[in-house]
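Hi everyone, thanks for coming.

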Amino acid sequence: AEALSSLPEVIEITEELLRLSRRRGILLNSNALRRSRGLVEGSVRSRGYLGFFIIAPDFTNLASMRDSNVGLHNVIAEQKRGFLARVFTGETVVVPAIISDVPHYDTGGTNRPLPPTMFVATPIRNSVGKVIAAFTIRLEPVLDFSAVTRLGRIGVSGETYAFGSDGILLSESRFNVQHRELGLIQDEQQSVLSIRVVDPGGNMTTGFVPKLPIEERPLTVMAQHAVAGEQGRNTDGYRDYRGVTVFGAWLWMRELGIGLTTEIDADEALQPYFFARNVVFASVAFAAVLSLLLAVYLMFVRSKAVADLKTAGLVLESRVSERTNDLFKINESLQEQIVERVRAEENLKYAQERLNETNQQLAEIAVKDGLTGIGNRRAFDDHLQSEWNRCQRTGNPVSLIIFDVDYFKLYNDTYGHPAGDACLKRIADILLTGMY
């Protein structure tokens with residue numbers, strides 16, 4: 001929007017339109033209107049946007065892609081005058097979803113009368129920098145704005161949506177089918193501008209019927225905090241506009257005048273907890289049963305062992321003397337075996353240490369260039385993947401510097417490959433130390 005509004009041709013056309021009468025017939029038949037459409041319409045349509053406005057300071061539509069709203073009072077001024085007024089003070093603003101002034105086709109190809117619409121509005125300045133008009137681009141909330149909020153969805157029941165200070169939904173919900181079943185919206189309606197984020201007092205998805213009409217219901221706990229300008233989260237659970245208990249986090253964007261929240265059904269959010277708890281309970285129960293069975297078995301074994309010991313005691317007494325000599329021999333043999341085992345363990349430990357050192361050397365060799373000692377292609381791939389994953393988590397950009405060594409082949413041919421190798425090693429040292 002800012003790029004288009006700053007084009008010299010757009011500024012010239014706007015000044016020509018401002019000099020014309022505000023009568024619709026004059027504007028519609030003007031050469032300036034035809035030039036504005038020829039200049040702007042292709043750029044707007046190629047990006048999937050729905051239209052544009054050039055708006056005079058008195059909020060009259062000087063130019064548009066549609067004849068039906070040229071010369072009329074602008075729809076933004078009718079519903080969100082404060083946003084348009086900010087444009088004439090020099091701001092570029094995003095106008096949240098409002099009711100459209102004209103019908104248009106939705107993403108399914110259905111012609112919907114007066115659907116939700118959004119705008120980006122920016123000032124048009126003359127050659128001395130004075131704001132002379134406003135330029136807007138019309139957006140489809142479902143395709144553009146709602147596509148952004150859909151990025152925040154988590155799980156099966158997670159939903160991210162935007163809402164205004166009156167609690168009206170400003171982005172498309174993922175529960176449109178359920179909303180129609182609950183009677184929150186009609187068959188031909190969408191969630192945008194049709195649902196208010198209020199607490200029905202009970203879970204409507206399980207059959208609860210609210211006693212209060214929608215206009216008398218209080219905002220949900222989340223919406224009450226958000227419209228008050230507070231940022232926060234709730235993991236104790238509160239009812240959403242369907243009455244389902246959810247966990248949520250929210251913030252209020254003052255510059256846009258909208259709130260943004262991410263919610264997920266408490267049942268789904270707690271599934272890992274319940275699973276872990278059940279696993280713990282099952283483990284404890286299994287351990288208790290196993291302990292009981294083991295105790296019974298030990299008592300049985302003890303009884304049998306006592307009886308066997310009594311019998312064996314009588315036999316052992318007669319064999320003690322002859323077994324004593326055998327025990328001495330066995331003891332000597334065991335001591336020898338222990339000595340051998342200690343030696344074997346020491347040898348094994350030494351071999352393991354050597355193996356670890358070798359593996360460490362191999363690992364370093366695998367990721368280092370043999371000539372320069374800096375990371376090779378494998379190290380680059382591993383590090384790039386790690387950095388890419390980290391930047392995806394944190395939202396930070398990732399940068400990559402690629403440079404070439406000028407005239408290196410000529411250097412090699414002139415001074416020989418040993419000199420070329422030394423050159424590469426010197427470059428590697430610079431990369432490693434950062435010093436020339």
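Which backbone nitrogen does a side-chain oxygen of Asn-376 reach at the start of H12? It is the one of Arg-378, and the oxygen comes to within 3.1 Å of that nitrogen.

Before going on, a word on the source. This is a predicted model, where local features need pLDDT of at least 70 and side-chain atom pairs count only at pLDDT 80 or more, while totals for chains, interfaces and linings use all residues. Residues are numbered from 1 along each chain as its sequence is written, and side-chain values use heavy atoms, with hydrogens and water left out.

Helices here are DSSP runs of H or I, at least four residues, numbered from the N terminus. After H12 comes Gly-395, with a positive phi near 80 degrees.

Now for two helix pairs. Helix H2 (residues 8-19) packs against helix H4 (residues 31-46) at about 155 degrees, the axes 9 Å apart. Axes are fitted to C-alpha atoms over the stretch in contact, and angles run from 0 to 180 degrees between N-to-C directions. So H2 is roughly antiparallel to H4 (the term is for angles over 145 degrees). Their contact, meaning heavy atoms within 4.5 Å, includes Ile-13 and Leu-17 of H2 and Leu-39 and Val-40 of H4.

Finally, the axes of H13 (residues 408-415) and H14 (residues 417-433) come within 6 Å and cross at roughly 135 degrees.

How values were computed
Angles under 35 degrees count as roughly parallel, over 145 as roughly antiparallel, 65 to 115 as roughly perpendicular and the rest as oblique. A polar contact is a pair of N or O atoms within 3.5 Å; within protein, one must be able to donate a hydrogen and the other to accept it, and residues adjacent in sequence count only if both atoms are side-chain atoms.
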